[in-house]
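Take the chains one at a time, then look at how they meet. The walk below goes from contacts to sheets to cores.

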Amino acid sequence: MTAMQKERILIVDDSEMNRSILADILYGEFEITEAENGIQALSILQEESGKFSLVLLDIVMPEMDGFGVLAEMNRLNLIDNLPVIMVSAETASSQIERAYELGATDFIMRPFDASIVHRRVVNTILLYAKQKKLISIIEDQIDEKERVNSLMVDILSHIVEFRNGESGLHIQHVRVLTNFLLTKVCEKTDRYPLSETDISIISIASALHDIGKIGIDDHILNKPGPLTDEEYKIMKTHSTIGARILDSLTMYKDNPLVRRAYEICRWHHERYDGKGYPDGLSGDKIPIGAQIVALADVYDALTSERVYKKAFSHEKAVEMILEGKCGAFNPLLLKCLAENGEAIRNILAKPTEKVLRRELRGFTDALAHTKAGEVASDRTLRLLDYERMKYNFFAAMTEEIQFEYSVATDTMTISPLGAKKLGVEEVVVSPENSEKLKEIIGGDWFKTLIATLEKSTPEKPEIRYEKQLHCNGEYRWHNIIVRAIWTDEIPPKVDGFIGKAVDVHDAHITITELKENATHDPLTDLLNRAEARAQIERRLLNYPNHKYALACFDIDFFKQANDTYGHLFGDKVLKSISQRMTRSIRASDICARMGGDEFLIFFEYDTDINPIIARIFKSLCCSVDKFDVTISMGVAEMNVVGESYEELFHRADLALYHSKQSGRNQYHLYDDSMKDVLPESNLTAIDAPVGDENKED
Amino acid sequence: MTIEECYAALGGNYGDVLGRLRSERLVQKFVLKFVDDGSYKLLCDSLDGGNIQEAFRAAHTIKGMCQNLAFDKLAKSSSELTEALRAGDEANARQLLPTVVSDYEQTVRAITEYKNSVL
C-alpha cells in the first residue's frame with residue numbers, strides 16, 4: 001500500500017493453520033498481528049485499535065466467537081472506523097446476514113482463493129482510506145461554512161450597532177458571555193440538552209439579538225434623553241421586528257442558526273417571572289438561548305462604560321441584577337454568573353480577533369453610513385469619479401487601442417481614440433458577430449482569442465502576439481496584449497478580457513527590412529555569401545543522408561562588359577542572371593551571390609546529376625541587350641568530395657577554374673584530376689590577363 | 001511420492017487447491033502442517049467427555065481447514081459431522097464419527113508418506 005509504512009491487519013482465528021494461510025497470503029505487503037480467539041482480539045483492539053487498518057475475523061471460535069467480537073466493537077464504537085472482513089466456512093445466509101448487520105464490511109467464504117482475499121483486503125483498506133479523506137474534507141467545508149456564517153452575522157450585527165450608537169464591543173461581549181454561560185449551565189444541569197454545536201450556533205445567533213432595531217426610527221433610537229411612553233412602545237417592537245425579519249427568510253427557516261436567532265430576537269426581553277415582552281413567556285418556556293442573551297445583554301451594559309454612566313464592577317453588577325433592578329432571570333443562570341466573576345473578567349478582556357474586527361469596522365462603517373449620512377458615500381463616489389476621469393484622460397491621450405470585454409454582457413468597450421482609429425463604435429455588442437471587427441481583425445478572431453485565453457491560467461493570464469489589423473484601408477502590424485479575467489469559481493472560467501493593441505507597424509517593417517538586409521544581396525535579392533554558407537551548413541547537418549551538389553559560376557568577360565557598357569548595364573546583367581537562376585531551381589534549393597559576378601547554387605538531386613546541371617547551365621546563358629552572356633561553371637558533388645561546405649565550395653571553385661582554363665562557356669564536374677590545378681589564391685593571377693572581372697574574395 | 005500423488009491418496013483435489021493458493025510451496029507447507037493441528041484430538045476428547053459444543057467447534061475447524069486445503073473427502077465427512085453437532089444431535093454425530101475417523105486416518109497416512117519422501 002505504501003512504501004513508508006505498512007498497513008496493519010489483525011487476523012483472528014482459532015486455528016493456527018487458518019491464520020497462517022491468511023498471513024502467508026498477505027505477508028510482505030502488510031504487517032500482521034494474530035489473535036486466536038475473540039477475547040484476545042478485543043484486548044488487542046482496545047489497546048491499540050488506531051494502529052489497525054483491517055480485521056480478518058473467523059466466526060466459530062472458543063472463548064468469544066466472531067459475532068461477539070463484532071458486538072463488542074459496536075459497543076466500543078470501533079466498528080465505524082475499522083473495517084472487518086469475516087472469513088468463515090459458515091455458509092448459512094442467516095449467519096452471513098447477521099455478520100453484515102453487526103457491521104462487517106465483507107464476507108469471505110472458505111475455501112477461499114488467495115488472490116480474492118488479497119484483492120478484497122486491499123480494496124477495503126483503500127475504500128476506508130478514501131472515506132477518511134472525504135470525511136476530513138467535509139469537516140473542513142463545514143468549518144469554513146461556520147466561519148463565513150459567523151462573519152456575515154458579525155457584519156450584520158455591526159450595522160445594527162452603528163445605527164444604535166453602541167460601543168463596538170457590546171455585540172462581541174454578548175456573544176462571548178452567551179457562549180460562556182451556556183457552557184457553564186450545561187455543566188451544572190442536563191435540563192438543557194445542548195450539544196457543542198448548539199452552543200456555538202446560539203452564540204453566533206446572539207449577535208443578532210437587536211437586529212430589529214433596524215426598523216426603529218432614527219430619532220427614537222438615538223434620542224439623547226429619556227423616551228416618552230409612546231416612543232418606548234415603538235422601541236419595544238424591535239424584538240418582534242427582528243423575529244419577523246428572520247421569519248421571512250423562508251428559504252432558511254429550518255436553518256439552525258436562523259431558528260436560534262429567531263428565538264433570541266423575539267424573546268430576549270422576556271422575563272423569567274413572565275412580566276417581559278412581547279409574549280409574556282415565563283420560566284423555561286423562554287428558550288434558554290434567549291434567557292442567556294437577555295442576561296448577557298444586561299450584564300455587559302452594566303459593566304461597560306457608557307456616555308451616561310461609568311462601568312460597574314462585576315460584583316456591583318451582579319448585586320444589582322440579583323436585587324432584581326434589571327429584570328428577572330433564571331436563578332440557575334444567576335448562579336453561574338455570580339460564581340464566575342474572575343473567569344468572565346478574563347474572557348472579556350481578551351482581545352479577540354482584533355485584526356478582523358478592524359477590517360470589519362471599516363466595512364461596516366461604510367455600510368452603516370450610506371444609510372445614515374452622505375459623508376462616506378459622497379467621498380466614495382468622488383473617488384470613483386476621479387478614477388474614471390483619470391482613466392478616460394489617459395485613454396484619450398494614448399495611441400493605443402484599449403479594449404475590454406465582458407462575457408456576462410457580451411459587450412466590448414473600446415477606448416475613444418482606438419475606436420476612431422479602427423473606425424468602429426466605442427461599444428460593440430456581441431463583438432463575435434460584428435462584421436466590421438471581422439474585417440479588421442480576421443474572420444475567426446473572437447473564437448481564437450477566447451480559446452487562447454482559456455489556455456492561459458489565473459496565475460499567468462496574459463498573452464501577447466503580433467497581428468496585422470486592417471484599419472483605414474491599410475494593414476498595419478500591431479502588438480496585442482490581452483489579459484483574461486478569471487472568475488473565482490472552481491474551476492475558474494474566463495469571464496472576459498482586457499487588452500490593448502499598439503501600432504508597431506513602422507518598427508515591424510524596419511526590423512523586417514534589417515533582417516532582410518542582413519541576409520540578402522541588395523542588388524539581386526539573392527542570399528549573400530554568409531547567409532548562403534549558414535543555410536547550406538544547416539542543410540548538411542539536418543539531412544545527412546541526402547544527395548547534394550554545389551555549383552559555382554561566374555560570368556565570362558563581365559569586367560569587359562562593365563567597362564564597355566557601363567555599370568548600369570553590368571547591374572542589369574547581374575539581375576537578369578539571378579532571375580534566371582531562381583527560375584531554374586526549386587524553391588528548396590539555395591542560390592546566392594557570392595560577390596562581384598560570382599554566384600552559387602546548392603541543390604539536391606536523386607539520380608543523375610548531368611541532365612540537371614546541363615539544364616541549369618543552358619538556362620543561364622542568354623543575351624542581354626545584344627550582349628551574349630555566357631558563364632563558366634564548376635560543380636562539386638557531395639558523394640565525391642565529402643560533406644563539408646568548405647570542401648564543396650573549394651572543389652567547385654577548382655572545377656570552375658578548370659572550365660575557364662579549358663576556354664570558358666562550359667561546365668565541369670569536379671574530379672580528382674583537377675585537384676592539383678592552381679590553388680584558389682592564384683586564380684586571380686591567371687585570370688587577370690584575360691581581362692575578366694576579379695574575384696572579390 | 002509427489003504432492004499430487006499425496007492428494008490422490010487422501011481423496012483431495014490438488015488442482016483446486018493450487019488454483020486458489022497459487023503456490024506449490026504454500027500448499028506443501030500447509031499440508032505438512034495439517035497433521036500437527038490439535039483439532040482432531042480435541043474433537044475425539046470432547047465427544048468422549050460429552051462436550052458437544054467443544055466438539056462442534058473442533059469439527060468446524062477441521063472442516064474449514066479441509067476446505068481450504070481441498071481435502072475433499074475429509075471435508076465432506078467432517079462437514080456432515082459439524083452439522084450434526086451444530087444441531088446437537090449426538091446420536092447422529094456418533095454414527096457419523098467412524099467415517100470421519102477413517103477419512104482422517106487415511107489423510108494422515110498419505111501426508112506422512114509424502115512427508116517421509118520429501119524430507
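Two residues are in contact if their C-beta atoms, placed from the backbone, lie within 7 Å. Among the contacts in chain B with a separation of 6 or more, 55% join residues 24 or more positions apart. The model is predicted: local features need pLDDT of at least 70, side-chain atom pairs count only at pLDDT 80 or more, and totals for chains, interfaces and linings use all residues. Residues are numbered from 1 along each chain as its sequence is written, while chains are lettered from A and ligands numbered from 1 in the order in which they are written.

Chain B has 7 helices and 0 strands. Here helices (H or I, at least four residues) and strands (E, at least two) are DSSP runs, numbered from the N terminus. The elements of chain B therefore read α-α-α-α-α-α-α from that end. Of its 119 residues, 43% count as buried. A residue is buried if 20 or more other C-beta atoms lie within 10 Å of its own, exposed if 12 or fewer, and partly exposed in between.

Now the meeting of the chains. In chain B, 18 residues are in contact with 16 residues of chain A. Helix 2 (14-21), helix 3 (24-34) and helix 5 (52-69) of chain B each give two or more residues to this side. Helix 5 of chain B supplies the largest share, 8 residues. The chain B side divides into 6 nonpolar, 6 polar and 6 charged residues. In this count Ala, Val, Leu, Ile, Met, Phe, Trp, Tyr, Cys and Pro are nonpolar, Asp, Glu, Lys and Arg are charged, and the others, Gly among them, are polar.

Turn to the sheets of chain A. Strands pair if DSSP finds at least two bridges between them. One open sheet has 5 strands in the order 2-1-3-4-5, with parallel pairing. Strand 2 (31-35) and strand 5 of chain A stand at the edges, each with a single partner strand, so one side of each has no neighbour in the sheet. Strand 1 (residues 8-12) and strand 3 (residues 52-57) of chain A pair over 5 bridges. Leu10(A) stands opposite Val55(A) there. Strand 4 (residues 84-88) and strand 5 (residues 106-109) of chain A share 4 bridges, again in the parallel sense. Ile85(A) has Asp106(A) as its bridge partner.

A second open sheet of chain A also has 5 strands, in the order 13-14-12-17-18, but its pairing is mixed. Its edge strands are strand 13 (590-595) and strand 18 (667-669) of chain A. Strand 12 (residues 548-555) and strand 14 (residues 598-604) of chain A run antiparallel over 7 bridges. Asp554(A) is bridged to Glu598(A) in strand 14 of chain A.

Finally, the cores. A nonpolar core is a set of buried Ala, Val, Leu, Ile, Met, Phe, Trp, Tyr and Cys residues joined through C-beta atoms within 7 Å. The largest has 72 residues, and those with the most contacts inside it are Ile9(A), Val12(A), Leu56(A) and Leu69(B). Helix 5 of chain B gives the largest share of this core, 8 residues. Leu69(B) touches Gly12(B), Val17(B), Phe30(B), Val31(B) and Phe34(B), leaving aside residues up to four places away in sequence. A second, separate core of 47 residues includes Ala549(A), Cys591(A), Ala636(A) and Tyr667(A).
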